[in-house]
Amino acid sequence: MKVKYLSAILASSLLIFGCNSDNDDEVVTEPPVVVIPPVVVPPVVVVPPVVDGVSIDDSSTVVVKLDTFDSITGALSFTVANSEGEALTNVANYDIVYFGFPDPASPSIKPKAWKRWHVTQNYQCDSTATDSCTGTLEATDTAGKYTFNVSDLDLQSKASANAEMVFKVAVQIKGALASNEIELIDPSN
């Protein structure tokens, strides 16, 4: 055989067998590269606590809405807010007056005198003076809502014997800058 043919056969066999590779079907692939984005931790933000309402001493207006009034026990519940509707907190100073009026539907032997009399019982608190509070004013869990209780309300004993009475209450809440308008309010029962 000729050397020329032999070299051509040898070169073609190298191409066929692929440089000492015995398996051309196997494809070697590298595992995929997975890029994990860095975890970004947001900065810690300290949020001040939410304050429900405004201190009564910082408000230039005071509005009182009577929620309940029990004329027998004198128990009251009311809401205190400013003119913008924001609840007022830290309420401590008050004047609360209970009134007993003759029932206008009840007959009287002395009609003119009957229409002129009334009985009252006052409760006050001035937080600047020590031990000057009468009655018990307590804030509820809801900002701006308060209850007031007394243990010695007795308007009937001050009235004429067998008088039929109509009860009303006046509540004035005082702040450093303002207090509410006083009005007589009928009981809820």
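**Strand S5 and its partners**

In this predicted model, strand S5 and strand S9 (residues 165-174) run antiparallel and are joined by 10 bridges. Within this pairing, Phe101 has Val166 of S9 as its bridge partner. S5 is also joined to strand S6 (residues 119-125), again in antiparallel fashion, through seven bridges. S5 itself spans residues 93-102 and is mostly covered, with nine of its 10 residues buried.

The description now turns to the nonpolar core. The largest such core contains 27 residues, and those with the most contacts inside it are Leu76, Phe78, Val80, Tyr98, Phe148 and Ile173. Two or more residues are contributed by each of strands S2 (63-69), S3 (76-81), S5, S6, S8 (145-149) and S9. The largest share, five residues, is that of S9. Leu76 illustrates the packing: beyond its neighbours within four places in sequence, its contacts include Leu66, Ile96, Tyr98, Phe148, Val169 and Val171.

Asp95 is located in strand S5. Is Asp95 buried or exposed? Asp95 counts as buried because its relative accessibility is 17%, below the 20% cut-off. Its side chain makes a polar contact of 3.4 Å with the side chain of Gln124. Setting aside residues up to four places away in sequence, Asp95 touches Tyr123, Gln124, Ala170, Val171, Gln172 and Lys174.

Definitions and conventions
Residues are numbered from 1 along each chain as its sequence is written. This is a predicted model: local features need pLDDT of at least 70, side-chain atom pairs count only at pLDDT 80 or more; totals for chains, interfaces and linings use all residues. Side-chain values use heavy atoms; hydrogens and water are left out. Buried means under 20% relative accessible area, exposed over 50%, partly exposed in between (1.4 Å probe, protein chains only). Helices (H or I, at least four residues) and strands (E, at least two) are DSSP runs, numbered from the N terminus. Two strands pair if DSSP finds at least two bridges between them. A nonpolar core is a set of buried Ala, Val, Leu, Ile, Met, Phe, Trp, Tyr and Cys residues joined through side-chain atoms within 4.5 Å. Contact means heavy atoms within 4.5 Å. A polar contact is a pair of N or O atoms within 3.5 Å; within protein, one must be able to donate a hydrogen and the other to accept it, and residues adjacent in sequence count only if both atoms are side-chain atoms.
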